[in-house]
Amino acid sequence: MTQDALADRLDSLRMAIAARELDALLLIDMTNIGYLTGFTGSAAYVLVSQDEAIVITDGRYAIRVREEAPKFTPVIAAGSGGYPGALQEALTSRPLLRKVGFEADHMTVAQWERFGKDLPEGVALIAASGLVEELRLTKDAGEIAKTRRAIEVAQTAFLSVKHLLRPGVSEREYAAELDFAMRKGGAQQTAFETIVASGPQSAHPHHSPNARVFEIGDFITIDWGAEVDSYCSDITRTVFIGSDADATPKHHEVYETVLEAQRLAIAAIAPGKNGQEIDAVAREHIASRGYGEAFAHSLGHSLGRKVHDGPGFSTRGADFILRPGMIMTVEPGIYLEGWGGLRIEEDVLVTEDGCETLTSLPNGFEALGG
């Protein structure tokens, strides 16, 4: 992350603060703070005005904050007042900051009560959610490169343990091996809890891996991602356990329905389209094949510093307008209780004239372990 990129983010945030007619914005969410400052510590507040930007942290990070966030004035919280006390002192010494926005989506009731008690007279906290999150939706070249690397790490890890997709291996064992392979390949951590759902359990979209072992005739849905340099990947593949002869016509029908729904949706992605439009493309195709009730979640979501990093493709997504630089997941699925289910997921970059699929693992029907 370059200092120029951080400077651009700070300038853009200041424009958003001015548009809200605020004197300053208080950030407490560490994902937003890391995005804006480059600081990688685990605790901080940030106060941004038109003339100044400060990072309040504690003695554990006194050196790191100076190294990682040189464009911000460091303030080290100390004594019994802690972070709220340091914020109070910062506002008291800056009497022109009267209307201070705060991240209402991230502040607890206890924090609100503490801040209200400690604020200098005349300072008002005003709810101002989503300012940094809106900036995070559109990725710059550096963020796109980091996402590509997170995808590469996740895909390489999957290929390295693909041989374990065979009868007798448990969901929990496979998830552990895949997680370890991502770490070994360069992931800071997994982007989320890896999903491995086999047989009838694949009818649960967000199943947690357990001791069930893979059997001939199972669909196995694997949903995994790596976090690399604070950016996430999110991929899903579904494989069939057994030989082609073990697969029934229904296995092929359900799989091809999901795959074609995904292809149609990706082909429709372009700047100016909205999230509801793209969701409808996949949903209508699945419904036309008689499985509309079995597609029980949204088509996809924004991807970035969090795996679910903003709005996406859904039946309520009419107000979400695609712009170049957004990275989205496209993940249709069909889930049939008592039988099983499947999902196929790609990570897609919105471009100036359409989109680019960033993930590259094969996604056709595949029978393994037969």
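The structure is a predicted model, in which local features need pLDDT of at least 70 and side-chain atom pairs count only at pLDDT 80 or more, while totals for chains, interfaces and linings use all residues. Residues are numbered from 1 along each chain as its sequence is written, and side-chain values use heavy atoms, with hydrogens and water left out.

**The chain**

The chain contains ten helices and 20 strands; helices (H or I, at least four residues) and strands (E, at least two) are DSSP runs numbered from the N terminus. Along the principal axes, its C-alpha atoms fill a box of roughly 75 × 40 × 35 Å. Of its 370 residues, 54% count as buried, that is, under 20% relative accessible area with a 1.4 Å probe and protein chains only. Among contacts (heavy atoms within 4.5 Å) with a separation of 6 or more, 67% join residues 24 or more positions apart.

**Pockets and cavities**

Rolling a probe the size of a water molecule over the atoms shows where empty space is left. On a 1 Å grid over the protein atoms alone, a cavity is a set of points where a 1.4 Å probe fits but cannot get out, whereas a pocket is an open set with protein on both sides within 12 Å along at least five of seven lines; lining residues have an atom within 4 Å of a point. Grid points are joined across faces, edges and corners, and a volume is the space filled by probe spheres set on the points.

| Space | Volume |
|---|---|
| Largest pocket | about 370 Å³ |
| Second largest pocket | about 310 Å³ |
| Largest cavity | about 80 Å³ |
| Second largest cavity | about 30 Å³ |

The second largest pocket is lined by 18 residues, and Ile195, His206, Asp223, His308 and Glu331 are the closest to its centre. In the largest pocket, 17 residues form the lining, with Gly34, Thr40, Glu227, Ser230 and Arg305 nearest the centre. Helix H2 (residues 30–37) supplies the largest share of that lining, three residues.

Two cavities of 30 Å³ or more are counted. Strand S12 (residues 235–242) gives the most to the lining of the largest cavity, with three residues. The residues that line this cavity include Phe158, Tyr255 and Leu361. Leu47, Ser49, Glu52, Ile54, Arg94 and Leu97 line the second largest cavity.

Terms used:
Buried means under 20% relative accessible area, exposed over 50%, partly exposed in between (1.4 Å probe, protein chains only).
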